[in-house]
Amino acid sequence: MSRNRYLILCALVSAGAFVGGYAVNRSIPVAHAQAQIAPANLRATSFTLVNSQGQVQAMLRSGNFGADLTLNDANGNPRVEINPSGGIVIRDATGHVTWSSPKAGLLPATIE
């Protein structure tokens, strides 16, 4: 193949790719994944946040005494827990409690 034929072939391929991309872009309607208007109020008894593999990363749930929040690490183990009575527990990677707050009131926190 001569150099001129090669350059003409490259120009035709480039022009075809451009025209084809333009035609496809104009012929397929745009799809929106979410509604443009957000709901004014979203209500549920619990919310679960999962990663792309389906593992639970966080959970906010309602109970008899109030809301409970749990944040998990990448392995699904609880790392931070906040309960309705005001208690907060923070765990290390092995699951041992590294810090916790009192269950109620403004007493000093404990370090374990």
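Strands are DSSP runs of E with at least two residues, numbered from the N terminus, and two strands pair if DSSP finds at least two bridges between them. The structure described here is a predicted model, in which local features need pLDDT of at least 70, side-chain atom pairs count only at pLDDT 80 or more, and totals for chains, interfaces and linings use all residues. Residues are numbered from 1 along each chain as its sequence is written, and side-chain values use heavy atoms, with hydrogens and water left out.

On these terms, 6 strands make up an open sheet, ordered β1-β2-β3-β4-β5-β6, with antiparallel pairing. At the edges of the sheet lie β1 (46-50) and β6 (97-100), each of which pairs on one side only. From one strand to the next, the twist averages 10°, where axes are lines fitted to C-alpha atoms and angles run from 0 to 180 degrees between N-to-C directions.

On to the next pair, β2 and β3 run antiparallel and are joined by 5 bridges. Here A58 stands opposite L71 in β3. A hairpin is also formed by β2 and β3, with 4 residues between them; G66 in its turn has a positive phi of about 135°.

Strand β3 (residues 67-72) is in turn joined to β4 (residues 78-82) by 4 bridges, again antiparallel. The bridge partner of N72 in β4 is P78.
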